[in-house]
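Please look over the sequence and the model below before reading on. The report after them is written for someone meeting this structure for the first time.

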Amino acid sequence: MAKDYYKTLGVDKGASKDEIKKAFRKLAHEHHPDKNPKSADKFKEISEAYSTLSDDSKRAQYDQFGSAGPGGGGQYGGGQGQGGFGGFDFSGSGFGGGDFGQDGVEFDLGDIFGSMFGGGGRSSAKKQRRGRDIEISIEIDFKSSIFGKEEKVTVSKDSTCSHCDGTRGEPGTKFDDCGTCQGTGTVYEIKRTIFGQMQNEKICDKCFGTGKIPKEKCKTCRGEGTVHSTEEISVIIPPGINPGDTLRVQGKGESIAGGAPGDLFIKLHIKKHPKIIKDNFDLIFPLEIKLTDALLGADIKVETLEGELILTVPAGITHGEMLRVRGKGVPMDNRATRRGDLLFKISISIPKKLSKDARKLLEELKKEGI
């Protein structure tokens with residue numbers, strides 16, 4: 001069942017980040033389980049809503065697909081196990097990097113929620129390290145938006161170092177346990193929060209969460225595990241997309257040492273066709289015909305997106321009438337097993353000048369009441 005995150009937080013759909021943040025803070029204090037144990041479910045609901053609406057990419061996906069759409073349930077761009085609280089990732093929310101309450105105390109909501117609902121601290125800290133998501137825009141032609149295509153896009157990003165394969169060490173070098181985290185990949189720190197002192201488990205900055213330090217650093221990436229490079233990525237554009245749709249390509253965002261790569265989000269812009277209009281799964285073609293064809297009927301050759309088509313125009317058709325060709329419109333799935341229709345909107349061309357013979361014939365028709 002789709003969830004209305006805006007209603008959950010009590011904000012309008014066009015609310016700013018500050019308004020969303022303010023609404024969440026108010027509700028979080030009101031429904032905190034420490035104050036009211038019966039509010040635990042409500043607290044989770046508002047936390048889920050905030051996790052999505054505070055992140056630009058997740059909010060865009062939610063506005064397009066709703067909570068039941070791609071990556072639904074408050075996990076747009078994140079996926080299971082990447083957030084500190086039930087799959088919700090607060091790292092990019094504006095709170096994750098260390099926010100400040102009204103008393104000036106620094107806190108991290110992901111840590112707090114993980115502590116309250118995850119059994120004390122971030123037990124899954126290693127799973128949380130993840131590369132940055134990338135957002136780009138591309139423009140495709142109208143035909144490709146209808147039938148789909150394979151598109152190549154070029155992205156400049158931090159990618160896994162090919163020389164060391166992301167290990168940060170020269171090939172063949174040995175690794176020692178990290179002295180900072182004692183080989184665990186995580187360290188603990190005590191933070192003062194709006195809810196009191198809390199112990200937080202975090203990724204070790206020295207070994208990037210791997211627990212190992214190479215004896216000899218990679219000469220290419222200098223021990224970072226990633227290098228900045230340009231990559232060409234093949235993307236399958238599905239049929240029937242609309243302007244402003246966003247595609248998510250998992251694992252094609254920026255890489256990060258000791259963690260999973262982020263995702264690539266591609267916003268699609270579509271060139272308008274000079275004549276054809278897309279109406280849901282139907283395609284509307286304007287078709288001008290001669291007056292005689294309208295009166296007598298005719299078989300007319302028309303050029304569609306898939307080539308030439310012979311259209312039978314019945315006698316007596318009127319201006320503005322629609323002729324339908326079933327099953328030749330927009331594909332409803334990748335296999336095109338079901339499709340919309342082609343609709344030809346008829347306009348009748350009226351000649352501005354008539355020959356004497358044509359006028360004479362029309363006068364005869366006029367006498368017959370036609």
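## The chain as a whole

This is a predicted model, and the chain it describes has 370 residues, of which 43% count as buried. Nine helices and 17 strands are found in the chain.

Among the contacts in the chain with a separation of 6 or more, 64% are between residues 24 or more positions apart. The chain exposes about 21,000 Å², and 48% of this area is supplied by carbon and sulfur atoms.

## Helix H2

Helix H2 covers residues 17-30, and its 14 residues, at 1.5 Å a residue, should span 20 Å, which agrees with the 20 Å that separates its end C-alpha atoms.

The buried residues of H2 are Ile20, Ala23, Phe24, Leu27 and Ala28. Seen down the axis of H2, these buried residues fall within an arc of 130°, so they line one face of the helix. Asp18, Lys22 and Lys26, by contrast, are exposed on the other side of H2. As background, an α-helix has 3.6 residues a turn, so residues three or four places apart point the same way.

## A four-stranded sheet

Four strands, in the order E12-E13-E17-E16, form an open sheet whose pairing is mixed. Strand E12 (277-279) and strand E16 (322-325) stand at the edges, and because each has a single partner strand, one side of each is left without a neighbour in the sheet. On average, and with direction ignored, neighbouring strands of this sheet are turned by 35° against each other.

Aspartate 279 has aspartate 282, in E13, as its bridge partner. In general, strands of a sheet pair through backbone hydrogen bonds, either parallel or antiparallel.

Leucine 311 lies in strand E15, which covers residues 307-313. Its relative accessibility is 6%, and since buried means under 20%, leucine 311 counts as buried.

Which residues is leucine 311 in contact with, leaving aside its neighbours within four places in sequence? They are Leu287, Ala298, Asp299, Ile300, Val302, Leu323, Val325 and Phe344. For one of these, isoleucine 300, the C-alpha atom is separated from that of leucine 311 by 5.2 Å, although the two residues are eleven residues apart along the chain.

Methods:
Residues numbered from 1 in each chain as written. Predicted model: local features only at pLDDT ≥ 70, side-chain atom pairs only at ≥ 80, totals over all residues. Heavy atoms only, no water. Pairing = 2+ DSSP bridges. Helix = DSSP H or I, 4+ residues; strand = E, 2+ residues; numbered from the N terminus. Axes fitted to C-alpha atoms, helices over the stretch in contact; angles between N-to-C directions. Buried < 20%, exposed > 50% of the residue type's maximum accessible area, 1.4 Å probe, protein only. Contact = heavy atoms within 4.5 Å. Areas by Shrake-Rupley, 256 points an atom, 1.4 Å probe, with all protein chains shown as cover. Expected span 1.5 Å × (residues − 1). Arc of directions from axis to C-beta.
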